[in-house]
Amino acid sequence: MKYGYYPGCSLEGISVEYNHSMRSLFDALDVTIEDLPDWICCGTLAAPSISRLLGVATPLWNVAKAKQEGFEQVVAPCSACVYHFKNAEKQVNQDSKLMSDVESVLELPLNDLPRTVHPLEILINDGFEERIKFSVQRDLSNLKVVCYYGCHISRPAEVMRFDDPEDPQSMDRLLNWVGVQTLDWASKVDCCGAHFSLIKPDIVVDLCTKLVEAALEVGADAIVVACPMCHANLDTRQEEIAERLGHPFKLPVLYFSQVLGYAFGLEPNTLGLRKHIVDPLPLMLEKCQPVGANYPSLQEMSA
Amino acid sequence: MIIPKEDIQPMNSQNGKPVGAVMVVGGGIAGMQASLDLADAGFKVYLVEKEPAIGGHMAALDKTFPTNDCAMCTISPRLVTTAGHNNIEVLTNTELLGLEGEPGHFKAKIRRNPRYIDLDKCTACGDCAEVCPIVLDDNFNGGLNQRKAAFKLYPQAVPNAFAIEKKGIAPCRDACPAGQRAQGYIALIREGRYEDALRVIKEDNPFPGICGRICNHRCETACNRNLVDDPISIAGLKRFVTDQVYAQPYEPPLPAKRKYEERVAIIGSGPCGLTAAKDLVQAGYGVTVFETLPVAGGMLRVGVPEYRLPTWIVNREVQEIIDLGVELRLNTRVENLDELFSEGFNAVLIAVGAHNGRRLPIPGSDHPDVFTAVHFLRDVCLGKAENVNGRHVLLLGGGNVALDSARTAVRLGAKQVDVACLEDRQSMLADEHEIIEAEEEGIRIFPGRAFNQIANNNGRITGVEAVDVKFMQFEADGSLTLETVPNSEHILSGDMVFFAIGQSAGLAFIPEDSQVGTTRGGTVAVNPNTFSTSRAGVFAAGDATTGTAFVIEAVTAGHQAAENIQKYLLGEELEVREQPELPVVKMSPTEVSLRMAKGEIEPKPRLRMASLESKQRLQTFDEVNLGYTEEQARAEAARCLQCGVCSECLSCYYKCAAGAINHDEIAVQEQLDVGAVILASGFEPYDAHLSGEYGFGRFPNVVTSMQFERVLSPSGPFVGHLVRPSDGHEPKRIAWIQCVGSRESERNWCSAVCCMYATKQAIIAQEHAPGTECTIFYIDFRAYGKGFDAYYERAKEEGVRYVRALPSAVRQNPNDENLIIHYTLPDGNQIYEDFDLVVLSVGMQPPNGMAQLAGDLDVALTEDGFCQTTNLSPLDTTRQGVYVCGPFAEPKDIPETVMSASAAAARAMTLLAEGRHSLVQPKEYPPEIDVTDQPPRVGVFVCHCGSNIAGVVDVEAVTEYARSLPDVVFADNNLFTCSTDSQTRIQEAIQEHDLNRVVVASCTPRTHEPIFQDTIRQVGLNFYLFELANIRDQCSWVHRDFPEAATEKAKDLVRMAVARVRLVEPLQRKWLEFNHDALIIGGGLAGMTAALELADQGFKISLVERQGDLGGNMRHLQFLLSHADPQALLAQLIKKTFQHPNITTFLNAEVDSFEGSLGKFKSTLKVTDIEESPLINHGVVIVATGAQPYQPSEYLYGQDERVLTQLELEDILARGSAEISALKSVVMIQCVGSRTPERPYCSRICCSQAVKNALQIKEINPNTEVYILYQDIRTYGLLEKYYRQARQEGVMFLRFEPDQPSQVNADGTLQVVIHDAMLETDILLEADRLVLSVATIPREDANQLAQLLKVPQMQDGFFQEAHMKLAPIDFASEGIFLCGMAHYPKKAVTETVIQAKAAAGRAAAILAQRELEIEPITSHVLEDKCDGCAYCVDPCPFDAITLIEYTDEAGKTKKRVVVDETICKGCGTCQATCPKDAIYVSHFKLDYLRAMTMAALEV
C-alpha cells in the first residue's frame, strides 16, 4: 500500500508535535508515507461558505493530484481535513454535474480517486495489530486516559464511514493494544466548540469545561485526542476552565500518536512532548515502567 | 391504482362452493380476534404463528391504557378460548410460505418448523429447561434476564408447552470428523455437570481422555471465538472432564445385551478397532478383538509417550469398552483370514493401523544403530527399548513422532538429541507447542535438510550427511519435488539415528490368496463408502486403509465401519434416520463486531493451562500439561458463544419423563385448502440500537418501552419490582423519550400508541413506587383516542412531568451508571438533567420478514413497508381474498387492532359465505354425570395469578384453610389457574377425587368463569356446579397494603363460595331458534358499510335513516388526504345500498320502540309522512348514528362571514379555485370546542382535516399563507407524512397554550393575535379567512336512543362499548353493536369503514349460528306459592313477566305470573320483590344466598 500523507495546515503550525509524532509512529511501524506534493489547504469552513464549488474543489484538488502520483490512500491526521475530503468526494459522487464542474476547474479527472482516511483508520483496519503489540518498549499499564474523539472521526456516519458514530472505539482499542487503560466516559463525542474559537470563545470554554469535568470525574490522568482543533482547545484553555471549575488542575492532553510512540520507546523530543501548554512529561515519567513482570511478554502476546 | 374489491360477491358455483376455511397469519390479539369471529361464524380457522405460543406483543404488556387493566388478565381468556375453540386449529412454529389458486380456493403452503418437543406429550413441567445447560437472553423479556434453549415463551403461554430453540450446528461440531457436540459438553462443564459432560463426549467418542490430550482439535480452528480473541480451549476442557470423572474409582459399565447370533472379529485394538467393537457390542453382536501385542490400545498405547498421554488413561478407556462384553485376545497374531471364518466369525474388520516405520533408502540406513522412531516409541512403552543413555541421538523427520521420540530420548538420558527435517521451520508438521517445548528441553532443530547418507567412521555411526534445501514440495500424487543448495553438504553429528518419516500398515498376514486386495501404498483397498474390502464379509478401516492419520479419524472410521458391518450382517440397508438439515452457524466478522458493540460478547482471552517447568520435565515422564483446575475450566467454558443455541447434548431427552423430546424432528411443508387469508402479522418494535445517540445497548439503564413493560410485569424478569437493570436499585427519576424510531426522516410515521403507553407506564411506575419522579420528553402529545385526554390530564395531576423537547443525546455517568439527558428548552436553554433510568418509547415498524412474504404472496406494500390497502376497504390487500388487520396495515392501538381484526374477519366471511359451516364440527362433551343424589364433594383451587394474588395474599394459607371447610375433599394452588396445564390438573383432580363441585379462588368471574365452567364440563360435570371466589379484583388488588387482612378476607370469600357451591344444582342450557336479520340504525357511511357487508353474506338488513337521503356526514366531505374522491365513493355506496336485494332502506325514519333480546328483537319505526309504523323483527342491531359538528360561538363565528368551519372551507374549496386564489392569508385555529373544560376530549380528526385543507389551499395557490394555530398536532399513524408535507409546502404551524387562546378582532381586516408558546411572544396575523377546526360532538339526541336501547353512554355523550380494549364494537347487552362516530370521532373514510365492517363481522358471528344457546339462569315461578299479587311485574326491567289468570283444579279462577325465559336475563329483581318467596332465579336461589351470608357472618 502506498500511503500519501496530507499534513494540512494545522500540522505545519499549531500542532507540529502531532505531525512529528505521527511521522515517527509510521516510521516505527515501518509504514512508508510520502507527502503529497504541492498540497493545498482543505478549504476548511471558509471555502464552502464562499461557494459550494470552491468548498468541494479545494480538497479534491489534493486527492486528484494524489491519484496522479499513484497513491492508493491519502492519510490526513486532522479529522476536520478528513471530513472535508470525504464530504467533497461524497458530494461529487452524488451529483454528476458538480463532478464535471469540479473536473473542469481543476482540469483533473475525478474518477477512482484514492480514499482519504484518518490515521486511526489505517492503524485499525489495515492489519497492524500484531506489529503494534510487538513494538511496545515501555509499560504504560498504569496510565489511565480517556479517549476524546470529538465531532469528525466518525460523524456524520454516512460521510465518514468509520467506527461507531455514537460510541467510537478505535482509539481505545489502539491504546489498549499498547497496554494503556482507557476509561469509559460520557463525553467522547461531544463537541469542543472549535468552530467558535475566535468568535464566541465563551461557548468554547463552556464546552471544554464540561469535557474536562467529565474526564476528571472518571479519574483520567490525561485526555487523548486525534484532532489538532480538539487539542488546541483542551490544552490551551485550562486556566479559564479552572476558573469555571473553581479549583486548579492540570490535565495533559496528548495525541494518540504521542502515546503510541512513547509506548514504542521513542524519545519525548521526537514526539513533541515538550510542546504542550500542560506538560505531559511528568505524568509519562511517573506512569511509565520498563517492560516487566506486570506486562505480558512478547511470547505470550504472540501465542 | 388499487381496484376496490367491493364487488367481490360470494363465490359462484363455477368452482363449487368456496372452501369454508380461513388462514389467519399471526397469533397476536388481532389474529385471535379474527379467528374467534370466524370460528363463531362457522368457519374453520388455521391460526398460523411463527413463535411457539400465541399472544403476540400484547402478552408481553403489563397494563393497558386508559383503563389500567392488566394486559395478561384481559388477554388470557382470549388465549384459552382461542386454543380451546373447536373450529380453530392453532399452528405454532409455523410460517406461511406462499399461496396459490383463486380467492375462495387457495392452497396455502406452510412450513411447520420443528419444536423438538411433542405438543401432545409435553406436560409443561419444565424439567427440560431445568436440565438444559444453554443459557441465553430471554427475548420475551427484552433480554433483561435469561432463559434456557428449552423454554416456554411466557408463563401463561398457549399452547402451554415447552419448545427447544436451535440455530444450527456449532462450527466445532461441524469441524470434528466424529461430530463431537463440543458446545454441549462445554456448557455442561460450565454448569459443573461433569458426568453429563462425559456422557455427551462418549456418545460420539469412546476416548475422551485420550483425545483431550493428543487430538489435533480442528474444532478449535473452526471456533467462532477466533473472531473475537482466542478459540475455546475445547481439547483442554475435554481433558478436564476426564480428569474430574476419572479421579473417581472406576466402576465397570453393565455388559451390553446380546441381541444377535452373529460374531465379528476385529483385528487390531487401536482406536478404530475398539470404537467399532464398542458400537457392535452395544448393537448386540458378539465381538472379539485380536491384538498382536501384549497390550491393547494400538498406537494410543505404544505410539505416544507417557508424558503426553499417561498409560492409565488408555487402559481405563480401553477397559471400559472391554467391560461391555468384548472378548480381547492379546498376543494373538491373526495369520489367516480363512481361519477366522471357519472359527465362526461372520464378519471381519481389519483395523491394524500403520505400525511399520519407514526408512529412507540411503546408504547406511540398515546400520544396526539406525532405528525407526515408531519402533523406538513402542519399545519404550513396552519397557524394552534400546539404551540411549549418554548417546547422541539424531532424529530424521519433522512430525510429532520425531518430536515424541526426541523428547523421550531426552528423558531416557541421551547426552544430546537433535532433530533434522526436510521442511523449513514454519512448515514442520509437528505441533508448534511441541517444538517450542522440545527446544526448551535442549533439543536442537535442524530444519530444511535433505539426507544423503548415514556417515560412519569404521562402522560407528558419526552422523548423517545432509544438504540444505532450497525448495521442496510434495505433489498431489505424493511424489516430492526437491531442490537443494549446491555444495552445501555437511555432517549432522550423532551416534544413533532414528528415522521418523512415516509408517505403513503391517499387512503381512494378508497373503496373496486371501482375496483381500491392497494398494500400491501398502494399505488395504476398500470401498470408501462401505469400508468393504474385495472379499465379502471382510471390512477394513483406519490407518490400515488411509495411512497415518489422527485418532479422531480412527474413531470416526470405527463408527462408520461398525455401521456398515451391521448393514452387512442384517443383509439390508440400514434405515437412514431423517435428520434435520441444520446450517452450520458460521459467524461473520460483522456479526461478531455487532454483537461486541451490543455488549453481548466481551473479549476475554483463553485461559492457559499450567505446565511442568522444563527442568522438571527432563527428569520424568510425568505429563507436561497439568490440565485445568475446576475454577479455570468453568471460566474457560463460560467463554463459549453457544453458536448453535441448542447443542443437542440430550440432557432434556434423558430427563423428560413424558418422552416428549425429539431432536430429530424436521421442518415439514404442507398445503392447506383455505378460502381466504388474513394477515395479522402485527409489528416489530423499532430496534433502538439504531438510535445510537440514546446509548441503548451501551448503557444498561437505557431500556426500551417493551423492556419496561416487562420490568413492570409481575411475570417479568424482576417479578414486578420496579428496579433498574444495572444494579437492581429502585429508580427515583425515570425519563421517557418519545418518538424513538417514529416521526423521523426514514420512518415518516407516528407510531400511534407511544404517547399513551408512556403515560400509562409513568402512572404505573408511580403506583409501584410512590414518589418516583416521571418525566416524559415529547414533541406533540398525541392523546387522540377515546378517554385518552382525560388520562393525560390525570397523569399531569398525579405529578407526571411533561417536557416538550426532543433530547439530542443520552450519556452515561460512568461512576454511578446514571444517565444524563441533554435537551434544549424553547427559550434556548441547554439542560443536562440526571436520571436513574431512561425509557425509549420505541415505535412500531412493519413486521420482520413481511417484505419477503408479501412478495411471495403477491401482496403490495407501501413505501414504508406497511400493507397497502384501499380507502373504501382498508382491510383488502392488493390480492383478492387476502385481507389485513392490525398494525401491519398502519400503526394502531389495541382497540383499533381488534376492530380491524373483526372487520377483516367480516371480509373473509363475505367472500366465503357459501362455504360457511362446511368444515366445522360442534364441540363434543362427555355425557354429564348425574350428581343429584351424591353428597357434595368440593374441590378448591386457589390461584397465585403470578404475583397478582400471591404477592399480597398468603395463597398456601388459604389453600390449607380451604381443606378444613365442610365437604371440601381436595384443595390445591396454582401459579396461573387459567393456564392450560392447571386446567388439566383440575380435571384430573375431579376424576381422581370424585369431585362434584368446584371452587376456583382467583381473579374475576367476569372473564374467567366461562373458562373454568368449560373445564369441568369437559370431564362430565354440569358447568353450574362451579363457583368462583374473587380473591384478586376484590381482594388482593384493593388491599395491597394489608396482606394479612387480605389473606383473612380471601379465606372468607372461599368459605362463602364453598358454602354456596355445596347447594347449587345442575342446570341445562337450551337452544333457541332465532331471527337472522339485522337492524341498522343510521344510514351514513358506517351504517351503509355494515349493511352491505352483512347483506353480501346473505343476511337481510333493515337500514333506518332519519334523513331523506343516505350519506350522513360524509355528504359534506369533499376531499380525502389520499386524493380519492369521497363523493364518488359515497355515490357508489348509496347506489349499491339501494340496489341490494337484501337491504330494505327506511328513509325519514326513526326507531320508535325497541324490545326483546338477542335473537328476537322487535322494533317499530316512525316514518315521516307515513301513519303506519313498520314492525321489524331482527336478531341483532347495529348503532351507527354518527355524530355532529360543534356549532361554535367563539372567534366571531356567526358574526363575521370571513370566519368559517373546516367543513365550510371544504365547500368553498370544492367550488373551484378562484375564491381561494384571491386569499393572501388563511388562519386556522385548532381545538375549537375540543380539549376545553366542558369537552375535555380530543376530537381526533381535526388536525388531519386542517392539514388536508391547508394542502388543498397550497395546491391551488402556493402563495396563500396558511397558519395553523394548534396545541399539539395529532396526525397519528400514517397521517404524519401529510403533516410533514404541509410544513414542506410552507404551511406555518404556531403553537399556543390552552390558557392563552388567540384573540380575534375584525376592525376592518380580520386580525388574529396568537401568543406563540415557542417564541413566548404575541404574533399578529392578518387573515382573509379564519377557519375553525371545531369539535365533533355526540348527536344531541343520542341519550334518547341510549334509553330506548338501554345501552350506556360515556360522560362525554358518546356510546360506551362493553370493554375499551377488547370489545370496542360490542355493547354490554348482547346482540347490540356500535360503529362509526357514535362511538367516537373517526378518520374518514378508513376508520369508520373498519369499525362498520367490524360490527358486521361481530353481528355475523351471531347471525350465522343455526341456533342460539340460551342461559338457563332465569326466574321461575313456584305456581302453588304465587298468589298473583304482581309486585314483580312492573319492576322487571326486561318486561319478561306477565300476570295471567288460570283455573285451578278446584275450578277457581286464580291469578299468577309467568316468565318468558327467553327474555328473562336472570337479574333477580323479581325475586327481591316477592313477599312469598314464590319466584326465584335458578342458580341464585335464596337458599344459596342465605348460605353465603351465613358463611360470611360465620353463623
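Q: Is S10(A) buried or exposed, and at what relative accessibility?
A: In this predicted model, S10(A) is found in helix 1 of chain A, which covers residues 8-12. A residue counts as buried when its relative accessible area is under 20%. S10(A) therefore falls in that class, being buried at a relative accessibility of 15%.

Q: Which residues is S10(A) in contact with, leaving aside its neighbours within four places in sequence?
A: Contact here calls for heavy atoms within 4.5 Å. With the neighbours within four places in sequence left aside, the residues that S10(A) is in contact with are S15(A), V16(A), P228(A) and M229(A).

Q: How far apart do the C-alpha centres of domain 1 and domain 2 of chain A lie?
A: Chain A is divided into domain 1, residues 2-117, and domain 2, residues 137-302. The contact between these domains takes 24 residues from domain 1 of chain A and 27 residues from domain 2 of chain A. Their C-alpha centres lie apart by 25 Å.

Q: Which helix of chain A gives the largest share of the side of domain 1 that touches domain 2?
A: Between domain 1 and domain 2 of chain A the buried area is about 2,000 Å², and carbon and sulfur atoms give 75% of it. On the side of domain 1 that touches domain 2, at least two residues each come from helix 1, helix 2 (16-28) and helix 5 (79-94) of chain A. The largest share of that side, nine residues, comes from helix 2 of chain A.

Q: How many residue pairs are in polar contact between domain 1 and domain 2 of chain A?
A: Across the interface of domain 1 and domain 2 of chain A, zero salt bridges are found. For residue pairs in polar contact, with both residues at pLDDT 80 or more, the count between these two domains is four.

Q: Which three residues supply 40% of the area that chain A buries against chain B?
A: The contact between the chains takes 13 residues from chain A and 12 residues from chain B. About 1,100 Å² is buried between them, with carbon and sulfur atoms giving 46%. The 40% share on the side of chain A, more than any other three residues supply, comes from E166(A), A186(A) and E217(A).

Q: Which residue of chain A forms a salt bridge with R811(B)?
A: The count of salt bridges between chain A and chain B is two. In the one formed by R811(B), the closest N and O atoms are 2.4 Å apart, and the partner in chain A is D190(A).

Notes:
Residues numbered from 1 in each chain as written. Chains lettered and ligands numbered in written order. Predicted model: local features only at pLDDT ≥ 70, side-chain atom pairs only at ≥ 80, totals over all residues. Heavy atoms only, no water. Helix = DSSP H or I, 4+ residues; strand = E, 2+ residues; numbered from the N terminus. Buried < 20%, exposed > 50% of the residue type's maximum accessible area, 1.4 Å probe, protein only. Buried area = accessible area lost by both parts, 1.4 Å probe. Salt bridge = Lys/Arg side-chain N within 4 Å of Asp/Glu carboxyl O. Domains from an automatic or database assignment. Polar contact = N/O pair within 3.5 Å; in protein donor to acceptor, adjacent residues only side chain to side chain.
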